[in-house]
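Reader: Please guide me through the structure shown below, one question at a time.

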Amino acid sequence: MTELEAYYNKFNEEKRLDSRHGQVEYRVSMKYIHAYLDEAAGRMDAVGTDYRHQIRLLDIGAGTGRYSVALAAEGYDVTAVELVRYNLGVLKKKASSVKAIQGNALNLKKLDSESFDVTLLFGPMYHLFGFEHKLRALCEAKRVTKSGGVILVAYCMNEYGVITYGFKERHVLSCMEENRFTEDFKTISPPDQLYDYMRIEDIDALNEAAGLGRIKILSPDGPANYMRPFLNQLNDEEFELFVRYQMAVCERADLIGAGAHTVDILRRD
């Protein structure tokens with residue numbers, strides 16, 4: 001068992017996305033996923049109430065199926081690829097309508113080229129280390145996406161890691177001593193830390209190398225992860241206003257990169 005598999009055998013991703021800070025991330029992300037599924041329907045001139053089964057979506061690194069299961073329930077043709085056997089087993093039990101296969105984001109050999117209208121690459125980039133591995137995953141996502149299709153890629157962001165792990169949890173001195181932060185506080189994550197962190201310029205370099213053009217980039221959670229206890233104190237009406245707030249500001253260039261996650265939305269030519 002790899003360290004990543006051992007981690008996800010214990011980590012409850014469903015619980016995280018059901019928390020209030022997780023709901024913000026999930027709901028904002030789903031808003032954009034739906035927008036590009038609708039765009040795909042427009043490209044194929046699919047009309048009527050049953051068009052959804054014509055739209056093919058791929059979820060790479062699907063975890064236990066938080067996105068896959070919900071989208072399959074809406075009628076979309078969903079394929080999920082997951083590395084961790086435990087997660088895959090949970091996903092399969094939840095929805096037989098999802099075509100779930102074990103696989104690695106670095107080599108989607110079981111999938112044909114140009115097969116999917118919309119591709120999600122939400123989990124793997126958190127755990128792939130080094131430019132070349134991330135680029136390989138991005139190029140595989142590009143290969144299996146149809147020409148004109150859309151790829152949504154999620155990253156964990158550098159400043160969240162520095163502020164939370166470095167300062168809030170008071171590891172900053174040891175990180176500096178161990179050269180895990182550069183002098184300008186860029187995170188250097190060894191693979192045994194499981195998570196790797198990015199800045200916008202790192203993401204830009206990957207896109208250029210992969211030959212992918214950006215449609216837009218956004219922060220699905222914004223400050224939600226920083227203020228978890230305060231979100232939990234809000235009543236339902238106040239919390240809904242916070243979700244509306246994040247929906248309204250998630251594309252603001254002055255805020256992207258400061259949140260825990262970023263979603264980069266790319267077009268395959």
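**Helix, core and sheet**

Reader: Which residues of H4 are buried?
Author: Helices (H or I, at least four residues) and strands (E, at least two) are DSSP runs, numbered from the N terminus. A residue is buried under 20% relative accessible area, exposed over 50% and partly exposed in between (1.4 Å probe, protein chains only). In H4, the buried residues are Tyr 67, Ser 68, Val 69, Leu 71 and Ala 72.

Reader: What kind of model is this, and how are its residues numbered?
Author: The model is predicted, so local features need pLDDT of at least 70 and side-chain atom pairs count only at pLDDT 80 or more, while totals for chains, interfaces and linings use all residues. Side-chain values use heavy atoms, with hydrogens and water left out, and residues are numbered from 1 along each chain as its sequence is written.

Reader: Which residues of the largest nonpolar core touch the most other members?
Author: A nonpolar core is a set of buried Ala, Val, Leu, Ile, Met, Phe, Trp, Tyr and Cys residues joined through side-chain atoms within 4.5 Å. The largest core holds 49 residues. Those that touch the most other members are Ile 33, Tyr 67, Leu 71 and Leu 152.

Reader: Which element supplies the largest share of this core?
Author: Several elements each supply at least two residues, among them helix H4 (66-73), strand S5 (145-156) and strand S7 (261-267). The largest share is 10 residues, and its source is H3.

Reader: With which residues is Leu 71 in contact, leaving aside its neighbours within four places in sequence?
Author: Contact means heavy atoms within 4.5 Å. By that rule, Leu 71 is in contact with Met 30, Ile 33, His 34, Leu 37, Leu 57, Tyr 76 and Val 78.

Reader: What distance does H3 reach from its first C-alpha to its last?
Author: The expected span of a helix is 1.5 Å times one less than its number of residues. H3 has 24 residues, for which 34 Å is expected. The distance in the model is close to that value, at 35 Å.

Reader: In what order do the seven strands of the open sheet lie?
Author: Two strands pair if DSSP finds at least two bridges between them. The pairing in this sheet is mixed, and the order is S3-S2-S1-S4-S5-S7-S6.

Reader: Which strands stand at the edges of the sheet?
Author: An edge strand here has a single partner strand, so one side of it is left without a neighbour in the sheet.

Reader: In which sense do S5 and S7 pair, parallel or antiparallel?
Author: The two strands are joined over seven bridges. One example is Ile 151, whose bridge partner in S7 is Leu 266. The sense of the S5 and S7 pairing is antiparallel.

Reader: What angle does the direction of H4 make with that of S2?
Author: Axes are lines fitted to C-alpha atoms, for helices over the stretch in contact, and angles run from 0 to 180 degrees between N-to-C directions. H4 packs on the sheet, touching S1, S2 and S4. Its direction and that of S2 make an angle of about 165°.

Reader: Why does the ring pair of Tyr 26 and Tyr 67 count as tilted?
Author: Rings of Phe, Tyr and Trp (its six-membered ring) pair if their centres lie within 6.5 Å; planes under 30 degrees apart count as stacked, over 60 as edge-to-face and the rest as tilted. The ring centres of Tyr 26 and Tyr 67 are 5.0 Å apart. Tyr 26 lies in helix H3 and Tyr 67 in helix H4, so the pair ties together parts that are 41 residues apart in sequence. The pair is tilted because its planes stand at 45°.

Reader: Which residues do ring pairs link into a cluster?
Author: Seven aromatic pairs are found in the whole structure. Both Tyr 26 and Tyr 67 are buried. The cluster linked by ring pairs consists of Tyr 26, Tyr 67 and Phe 122.

Reader: Is Thr 187 buried or exposed?
Author: Thr 187 lies in the loop between helix H9 (172-177) and helix H10 (200-210). Its relative accessible area is 10%, so Thr 187 is buried.

Reader: What is the relative accessible area of Gly 61?
Author: Gly 61 is found in the loop between S1 and H4. Beyond four places in sequence, Gly 61 is in contact with Val 81, Glu 82, Gly 123 and Pro 124. Gly 61 is partly exposed, and its relative accessible area is 27%.
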